[in-house]
Amino acid sequence: MNISRRRFVKTTSGTLAIGLAGTSAALQVGAAAQQTSNLTKPTSQNPGQADGGPLHIPAILSVPPGNVLLLRAYGRGVQKYTCPVSPTSSAVPHAILLSGNGNSENIVAIHFAGPTWQALDGSWVVGNAAKATHFPAPNGQGVDWLLIPAQSTSGSGLFSNVTYVQRLYTLGGKPPASCNQNQTETLVEYSAEYLFYIPKT
């Protein structure tokens, strides 16, 4: 890991903490002890194109003409659900995005409520969830694949001109069958590939 940039990922007992020096961005996901047993983990490696090869994207999730790929990153984190849950419950993401195929320790962004993606340089993009296009994960094990149009952006860095975000090759993240007694929220681990697009120049 590049210590000079002071990036770290630390996972302990259901707590995911991300420290990003040089920006005010920080993400902490805390899970109470009673939630730890309810933390659903993906059962295998992310089934996406880990070698960085071509992606097979359903036509319904295609980005409109006039946009080009800016960044492809690998997301790891949790989907947070408020109890009680149902198969149609919506979640709040808490995740880190890693460069390349996810085998790198280089954090490029964090992902949190909004849905929002914030880069290390402080720029961010907020997606328009109401206008997102959904496609059921073909493996049946992950949350929906998505095409999300940008609703707003900020800053002058990496994400300042993002127009669309795709979430593909998901694993995990689905709501559990139920919450434990007296549990107010539950965390479900997931992974996905995120593709960010900007206008073609």
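Reader: In which loop does Pro58 lie?
Author: The model is predicted: local features need pLDDT of at least 70, side-chain atom pairs count only at pLDDT 80 or more, and totals for chains, interfaces and linings use all residues. Residues are numbered from 1 along each chain as its sequence is written, and side-chain values use heavy atoms, with hydrogens and water left out. Helices (H or I, at least four residues) and strands (E, at least two) are DSSP runs, numbered from the N terminus. In these terms, Pro58 is placed in the loop between α1 (33-36) and β4.

Reader: Is Pro58 buried or exposed?
Author: Buried means under 20% relative accessible area, exposed over 50%, and partly exposed in between, with a 1.4 Å probe and protein chains only. Pro58 has a relative accessible area of 14%, and therefore counts as buried.

Reader: With which residues is Pro58 in contact, leaving aside neighbours within four places in sequence?
Author: Pro58 and Phe135 are 77 residues apart in sequence, and their C-alpha atoms are 8.1 Å apart in space. Contact means heavy atoms within 4.5 Å. By that criterion, the partners of Pro58 beyond four places in sequence are Phe135 and Trp145.

Reader: In what order do the elements of the protein run from the N terminus?
Author: The protein contains one helix and 12 strands. Of its 201 residues, 46% are buried. Among contacts between residues at least 6 apart in sequence, 63% join residues at least 24 apart. From the N terminus on, the order of elements is β-β-β-α-β-β-β-β-β-β-β-β-β.

Reader: Which residues lie closest to the centre of the largest pocket?
Author: On a 1 Å grid over the protein atoms alone, a cavity is a set of points where a 1.4 Å probe fits but cannot get out, whereas a pocket is an open set with protein on both sides within 12 Å along at least five of seven lines; lining residues have an atom within 4 Å of a point. Points are joined across faces, edges and corners, and volume is the space filled by probe spheres set on them. The largest pocket has a volume of about 590 Å³. Of its 27 lining residues, the closest to the centre are Gln79, Ala91, His134, Leu146 and Arg167.

Reader: How many charged residues are in the lining of the largest pocket?
Author: Strands β4 (67-82), β5 (92-99) and β10 (145-154) each supply at least two residues of this lining. Ala, Val, Leu, Ile, Met, Phe, Trp, Tyr, Cys and Pro count as nonpolar, Asp, Glu, Lys and Arg as charged, and the others, Gly among them, as polar. The lining has 17 nonpolar residues and seven polar ones, and its charged residues number three.

Reader: Which side chain is joined to that of Asn67 by a polar contact of 2.7 Å?
Author: Asn67 is in strand β4. A polar contact is a pair of N or O atoms within 3.5 Å; within protein, one must be able to donate a hydrogen and the other to accept it, and residues adjacent in sequence count only if both atoms are side-chain atoms. The side chain of Asn67 reaches the backbone oxygen of Pro64 at 3.0 Å. The 2.7 Å contact joins it to the side chain of Thr163.

Reader: What is the relative accessibility of Asn182?
Author: Tyr169, in strand β11 (residues 164-172), has a positive phi of about 50° although it is not a glycine. Asn182 also has a positive phi, near 70°, and its place is in the loop between β11 and β12. Tyr169 counts as buried at 8% relative accessibility. Asn182 counts as exposed because its relative accessibility is 71%.
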